[in-house]
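Please examine the arrangement of the chains below before reading on. The paragraphs that follow lead from the contacts between chains to individual elements and residues.

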4 protein chains.
Amino acid sequence: MINDDDFIKSCDVPGPTKENIRAILLYKSMVQKEDIVVDIGCGTGGISVEFAKRAKKVIAIDKNPEAISITRQNLKKFNVSEKVQLIEDDGLSTIKNIDNIDIAIVGGSGNDLEEILEVIHNKLNPNGRIFITAILLDTKVQGINKLKSLGYNPKLVEINISNGRILDRGVMMISENPIAIISAKKR
Amino acid sequence: MINDDDFIKSCDVPGPTKENIRAILLYKSMVQKEDIVVDIGCGTGGISVEFAKRAKKVIAIDKNPEAISITRQNLKKFNVSEKVQLIEDDGLSTIKNIDNIDIAIVGGSGNDLEEILEVIHNKLNPNGRIFITAILLDTKVQGINKLKSLGYNPKLVEINISNGRILDRGVMMISENPIAIISAKKR
Amino acid sequence: MINDDDFIKSCDVPGPTKENIRAILLYKSMVQKEDIVVDIGCGTGGISVEFAKRAKKVIAIDKNPEAISITRQNLKKFNVSEKVQLIEDDGLSTIKNIDNIDIAIVGGSGNDLEEILEVIHNKLNPNGRIFITAILLDTKVQGINKLKSLGYNPKLVEINISNGRILDRGVMMISENPIAIISAKKR
Amino acid sequence: MINDDDFIKSCDVPGPTKENIRAILLYKSMVQKEDIVVDIGCGTGGISVEFAKRAKKVIAIDKNPEAISITRQNLKKFNVSEKVQLIEDDGLSTIKNIDNIDIAIVGGSGNDLEEILEVIHNKLNPNGRIFITAILLDTKVQGINKLKSLGYNPKLVEINISNGRILDRGVMMISENPIAIISAKKR
């Protein structure tokens, strides 16, 4: 496991996706050694690092050059650089050129969530899996509705985590912001 | 209602107890115009202000002089100074000298929670109510067990609040840290 | 305060809105003795009972006859029948005929949330307050967006409550389902 | 991944530990093919099944014969029977006879948590990991304090999960009860 604090970070880049959320994504994804993974809106690169350790290849996309730079540093730190293709570009236009996706993780989608999901749907292999990590209420509703309209049977789990700060006088709980994971599997 | 941001604050003083927690305390307390309220560990004074608006008298206690100063400013700001007696001293030694309590709210107790509850129990009027606002796991367990041993039938509710930050691109939820309210009523 | 269990209930009627949510609604609403309150989708009548105790008049609306019947029983049980007008009808068509609203609480709206909010907006007195209690993700997004488009500055708070079940071997926490309160004030 | 509903269940046996909690435990445990895992209070067997799929051996202990029977059925269903040794006995007396533990998971401990942690501490291999899944407030405090006194640097994470029920009219969130995971690593 990787502690959140072990990732190199930047104030200008969201992430990393927190430890317990990465854990749940890894488990739900059932990622295998031969899988091709696309990480759309890779941010700090937390998800790319985790999947690179377990999959055949990760394609990490972010339109923010600072995110690409931070992700590159984290890939190097965790020795998975050669497993990951980094693309500094818009998520939607990039995935149009990618085929043969086993796992697609949408962390950032600008205003293109619905179109991105449509393209992913077309590019996804049979038994392929889609995940959306959503921090906006609007993304949750839009993601569920779009996946339903594409014929999926999506699931949504909302995760509220508090971490104990262990003090001399007792254990104080400090909350992370809630995050939802939407998941769907292609039949 | 008072917004959390409307209270005068200090970095060195905890509080104010957040809006929704104050709301729940007010409701559970069934505070009446003739009630005498003790606020032990008044911190920023949020609870003292709210109860002063609705009770006959509030006795606000804190051993931290900065807390007393901030509470004084908030009492003035919300026009309830003459309803509140401010005591800069240790909670345990102070309440030993107070009689005739209708509502006791324990927000800070140092290491004296059990003794404080014992003294409150002896000073509390029939139908008097005790509340503990707990942020430490240890306080929750200790508070429940002590109240049980004093013959009460305590209740505990844990409250996790997230507030929507309404952005152009959607609503992002920001969590407050969890807090528990333990309540008990004297028969 | 009223315990949730003190309300008369029916399997076919949602509610009552839980204690801590009622507490927060009462606090946020700043309900006064002269206020006219509309409770749209009154369900079990929990909110109508609470506001009837504090306001001048409550108009409770539900299209489900069973809800009207249960609400009537609860109004009687808590001695507030003469403060409440019960209307068994569709929320949208009913409020079109109501003027002079100080506080509107939308608990159930069928598919008419946006239209209901529009009508409320027109009927609401200056300084009037609107509340939506939302259990669906979709209601949260729709409610916020509609209130914004009507010129309000809405707020959203999501509330996760767990109640302690106090056993011999310790305190086990039992969760209520999350609920959001959207609030807005007319200027 | 395994859905919670795929486990065989019994009303008289707690569990299975929910999907997302299993995911987090698997991730934090860094379970490897050569690991020996002890599951104390195995209940329905959810944790035993997951670790049996990834470890060398699991020793599953429960004093409740019904739990042992249900666990046996689940081991069979998920094809991991030969990886798991089932022991119907008290957790404390059983682990005294086990050596060479890499991962110990304490799900149920009766009143013996402190003693069980002491014995585990003595039996745990270097770099061994201890996990407590706690639903009682008291277990959280006791577990943290005992692990500290044994020289560990324990961590505690509290997990509140809500699952979306996807209805025609929108997504309703249904809460699981909160659960804490305490973790510690032997140096």
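In this predicted model, the contact between chain A and chain D takes 31 residues from chain A and 31 residues from chain D. Together the two chains bury about 2500 Å², and 59% of this area lies on carbon and sulfur atoms. On the side of chain A, the residues that lose the most area to chain D are A:M1, A:Y27 and A:I166, which together account for 28% of what that side buries.

How are the two chains placed relative to each other? In general, two copies of a chain are related by a rotation about an axis and a shift along it. Chain A can be laid on chain D by a turn of 180° with a shift of 0.0 Å along the axis, and the RMSD is then 0.0 Å. The two copies are thus related as by a two-fold rotation axis. Among the residues of chain A, A:N160 comes closest to this axis, with its C-alpha at 2.4 Å. Because 100% of the interface residues of chain A are also interface residues in chain D, the copies meet through the same surface.

A second contact joins chain D and chain B, with 7 residues from chain D and 7 residues from chain B. The area buried here is about 530 Å², of which carbon and sulfur atoms give 73%. In chain D, the residues D:L137, D:D138 and D:V141 lose the most area to chain B, together 72% of what that side buries. Chain D is superposed on chain B by a rotation of 180° with 0.0 Å of shift along the axis, at an RMSD of 0.0 Å. The C-alpha of chain D nearest that axis belongs to D:L137, at a distance of 3.5 Å. Here too, the same surface serves both copies, as 100% of the contact residues of chain D recur in chain B.

Residue 160 may next be considered in chain B. B:N160 is located in strand β6, residues 155-167 of chain B. With a relative accessibility of 9%, B:N160 counts as buried, because the limit for a buried residue is under 20%. Apart from its neighbours within four places in sequence, B:N160 is in contact with A:S162, A:S175, B:P178, C:E158, C:I159, C:N160 and D:N160.

C:R22 belongs to helix α1, residues 19-29 of chain C, and is buried with a relative accessible area of 1%. Beyond its neighbours within four places in sequence, C:R22 has contacts that include B:Y27, C:D4 and C:E50. D:E176 is found in the loop between β7 and β8 of chain D, and is buried at a relative accessible area of 10%. The side chains of D:E176 and D:N163 are joined by a polar contact of 2.9 Å. Although D:E176 and D:N160 are 16 residues apart along the chain, their C-alpha atoms are separated by 6.8 Å.

Helix α3 of chain C shows how a helix can be read from its geometry. At 1.5 Å a residue, its 13 residues, 65-77, should span 18 Å; the end C-alpha atoms are 19 Å apart, which agrees. The buried residues of α3(C) are C:A67, C:I68, C:I70, C:T71, C:N74 and C:L75. Viewed down the helix axis, these buried residues fall within an arc of 165°, so they line one face of the helix. The cover over them includes α2, β2 and β3 of chain C. At the start of α3(C), a side-chain oxygen of C:N64 comes to within 2.9 Å of the backbone nitrogen of C:E66. Just after α3(C), C:N79 takes a positive phi of about 60°.

The backbone itself deserves a final look. Most residues other than glycine have a negative phi, and most peptide bonds are trans. D:M30 is not a glycine, yet has a positive phi of about 50°; this residue lies in the loop between α1 and β1 of chain D and is partly exposed, with a relative accessible area of 28%. D:N79, likewise not a glycine, has a positive phi of about 60°. D:N79 is in the loop between α3 and β3 of chain D and is exposed, with a relative accessible area of 62%. A cis peptide bond joins A:G15 and A:P16, with omega about 5°, and A:P16 is in the segment before α1 of chain A.

Definitions and conventions. Residues numbered from 1 in each chain as written. Chains lettered and ligands numbered in written order. Predicted model: local features only at pLDDT ≥ 70, side-chain atom pairs only at ≥ 80, totals over all residues. Heavy atoms only, no water. Least-squares fit on C-alpha atoms with pLDDT ≥ 70 in both. Contact = heavy atoms within 4.5 Å. Helix = DSSP H or I, 4+ residues; strand = E, 2+ residues; numbered from the N terminus. Expected span 1.5 Å × (residues − 1). Buried < 20%, exposed > 50% of the residue type's maximum accessible area, 1.4 Å probe, protein only. Arc of directions from axis to C-beta. Polar contact = N/O pair within 3.5 Å; in protein donor to acceptor, adjacent residues only side chain to side chain. Buried area = accessible area lost by both parts, 1.4 Å probe.
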